[in-house]
Amino acid sequence: MDEFLQSLIRGLGTGSIYSLLALGFVIIYKSTQVISFAQPAFMLAGAVLVSYLSPAVSFYGAVLVAALVIAVLALGVERTVLRPMVGKPVFVVAIITIGVDVVVRVVTNAFIGLDVRQVGDPWGLDTVSFLGAEVQQRYLVMIGTTAVVTVGLFLFFRYSRIGLAMRAVAYDQEVALAQGISVGSVFALSWALAGGLAALAGVFVATGAGVDQQLWIVALKALPAIILGGLESLGGAVVGGLAVGIVESLFGTYQNDFAPWLGPNFGLVAPYALMLLVLLVRPYGLFGKREVERL
């Protein structure tokens, strides 16, 4: 039972990272109908920035500053690189975001070098007793922080004027324009929010392990999370991210017991297998909207 609980908490913690990244993907997609492939670079840049700032302003101050800086960076990318592409095919814009990802990662890698940089988190790999099982503190922090961020985002989108404007743009851009909403400002804010979320996710990826040039690969696990939950559902992004983390962790713990023939590293591809199984039943994701076309 202790082993199962440890694996579950580990999966929820890792899944929290995927959820934060998936939320960023979904926020941008709902506003612009574009999947941003620049999220891995923003995640890496946020973690690296914290590694430089934490010795000077403390870990928590560094996280706050890094999230704000990466949010501004993402906003700047939207304004300078993507805004001129308005009206272009979605596929073209998505390809441009890949270019942004490559450029930002190349620049960020120059600040990493060949060594692993530590972000200065106060918990490291320390463990704590939770429901009778020894679990790493960082996973509990990940779960708690993601829960707070998720609740904050839902309250923001439901009750704030800016959040309601973003929902209106996501529903129908032309109607939103007719109501006096600045669609361009909503696009920029969407990128800023996604950048801040990616930076926070990057910090959690680096806690206890450090930052290296391969850190960005973790962000690829957010893709099955958003497809699993549905590209237009914030709740689906959270559920999808947690599901991916749990499946990955449980397979890593128990696969050798019930399916050793799958190979020792099947846990790494288990999230993608889960995604395919769900899409066979619900092609639009667990919480996605079915598109109805009138012939």
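This briefing walks through a few residues, contacts and segments of the structure above. The model is predicted, so local features need pLDDT of at least 70, side-chain atom pairs count only at pLDDT 80 or more, and totals for chains, interfaces and linings use all residues. Residues are numbered from 1 along each chain as its sequence is written, and side-chain values use heavy atoms, with hydrogens and water left out.

**Salt bridges**

- The count comes to three salt bridges, each being a side-chain nitrogen of Lys or Arg within 4 Å of a carboxyl oxygen of Asp or Glu.
- Lys221 pairs with Glu248, and their closest N and O atoms are 2.4 Å apart.
- This pair links distant parts of the chain, 27 residues apart: Lys221 is in the loop between α8 (183–206) and α9 (222–229), while Glu248 is in helix α10. Helices here are DSSP runs (H or I, at least four residues), numbered from the N terminus.
- Lys221 and Glu248 are both buried; buried means under 20% relative accessible area, exposed over 50%, and partly exposed in between (1.4 Å probe, protein chains only).
- Arg105 bridges to Asp101, with the closest N and O atoms 2.9 Å apart. Arg105 and Asp101 are separated by about one helical turn because they stand four residues apart in helix α4.
- Arg105 is buried at 15% relative accessibility, and Asp101 is buried at 5%.
- Arg83 and Glu78 also meet through their side chains in a salt bridge (2.9 Å, N to O). Arg83 is partly exposed at 23% relative accessibility, whereas Glu78 is buried at 3%.

**A closer look at Glu248**

- Helix α10 (residues 234–258) holds Glu248, whose relative accessible area is 14%.
- The side chains of Glu248 and Tyr18 are joined by a polar contact of 2.8 Å. Such a contact is a pair of N or O atoms within 3.5 Å; within protein, one must be able to donate a hydrogen and the other to accept it, and residues adjacent in sequence count only if both atoms are side-chain atoms.
- Leaving aside residues up to four places away in sequence, Glu248 touches Thr14, Tyr18, Lys221, Gly267, Leu268 and Pro271, where contact means heavy atoms within 4.5 Å.

**Thr146 in helix α5**

- Thr146 belongs to helix α5 (residues 137–159) and is buried at 4% relative accessibility.
- The Thr146 side chain reaches the backbone oxygen of Met142 at 2.8 Å.
- Not counting residues up to four places away in sequence, Thr146 touches Ser16, Ser19 and Leu20.

**Loops with positive phi**

- Gln33 sits in the loop between α1 (2–32) and α2 (39–57), and its phi is near 65°, a positive value in a residue other than glycine. Gln33 is partly exposed at 30%.
- Ser58 is found in the loop between α2 and α3 (59–82). Phi of Ser58 is near 75°, again positive in a residue other than glycine, and Ser58 is partly exposed at 39%.

**Segments listed in the record**

- The unreviewed UniProt entry lists residues including 193–211 and 223–246 under "transmembrane region".
- Over residues 193–211 the chain is 74% helix and 0% strand, and its end C-alpha atoms are 22 Å apart.
- Residues 223–246 are 83% helix and 0% strand, with end C-alpha atoms 15 Å apart.

Terms used
Helix = DSSP H or I, 4+ residues; strand = E, 2+ residues; numbered from the N terminus. UniProt positions renumbered as here; feature names shortened; annotations may be inferred.
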